[in-house]
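Dear colleague,

I am passing on to you the structure below, together with a short account of what was found in it. Please look through it when you have a moment.

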Amino acid sequence: MFHQIKTPITTMLLDLELLEIEQEGLQEFHALKLQLKRLNCLVDILLKLSSLDAQVDRMNFKEFYVYE
């Protein structure tokens with residue numbers, strides 16, 4: 001499942017970088033790249049939450065003081 005979600009985003013990022021090299025100076029490439037990176041981060045978070053929900057990964061609980 002991980003590859004089915006991540007591979008298209010990674011492919012789009014690589015294609016965008018190639019286009020950016022060919023078409024220097026277009027501001028749209030920077031905006032698209034930023035949005036794809038944000039989407040990639042959101043997918044990472046969703047996949048992590050999914051693995052926590054399925055109890056594949058475990059959270060480590062630790063007590064801490066807010067004032068520190």
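Of the 68 residues in the protein chain, 16% count as buried, and please bear in mind throughout that this is a predicted model. The secondary structure of the chain comes to 2 helices and 0 strands. The radius of gyration is 18 Å, well over the 11 Å that the globule rule gives for 68 residues, so the chain is more spread out than a compact globule. Along its principal axes, the C-alpha trace spans about 50 × 35 × 10 Å. Among the contacts in the chain with a separation of 6 or more, 47% are accounted for by residues 24 or more positions apart.

As for the surface, the accessible area of the protein chain comes to about 6400 Å², and carbon and sulfur atoms hold 61% of that. The chain carries 7 positive and 11 negative side chains, with the centres of the two sets lying 7 Å apart.

Asn40, which is found in helix H2 (residues 27-53), has a relative accessible area of 17%, and because buried means under 20%, Asn40 is classed as buried. Leaving aside residues up to four places away in sequence, Asn40 touches Lys6, Ile9 and Leu13. Leu18, by contrast, lies in helix H1 (residues 2-22) and is exposed, with a relative accessible area of 52%. Leu18 and Lys37 are 19 residues apart along the chain, and their C-alpha atoms are separated by 16 Å.

With kind regards

Note on methods: Residues are numbered from 1 along each chain as its sequence is written. This is a predicted model: local features need pLDDT of at least 70, side-chain atom pairs count only at pLDDT 80 or more; totals for chains, interfaces and linings use all residues. Side-chain values use heavy atoms; hydrogens and water are left out. Helices (H or I, at least four residues) and strands (E, at least two) are DSSP runs, numbered from the N terminus. Buried means under 20% relative accessible area, exposed over 50%, partly exposed in between (1.4 Å probe, protein chains only). Contact means heavy atoms within 4.5 Å. The radius of gyration is taken over C-alpha atoms; the globule rule is 2.2 Å times the number of residues to the power 0.38. Accessible areas come from the Shrake-Rupley method with a 1.4 Å probe; for residues, only the protein chains shown count as cover. Lys and Arg count as positive and Asp and Glu as negative; His and the chain ends are not counted. The place of a charge is taken as NZ of Lys, CZ of Arg, CG of Asp or CD of Glu.
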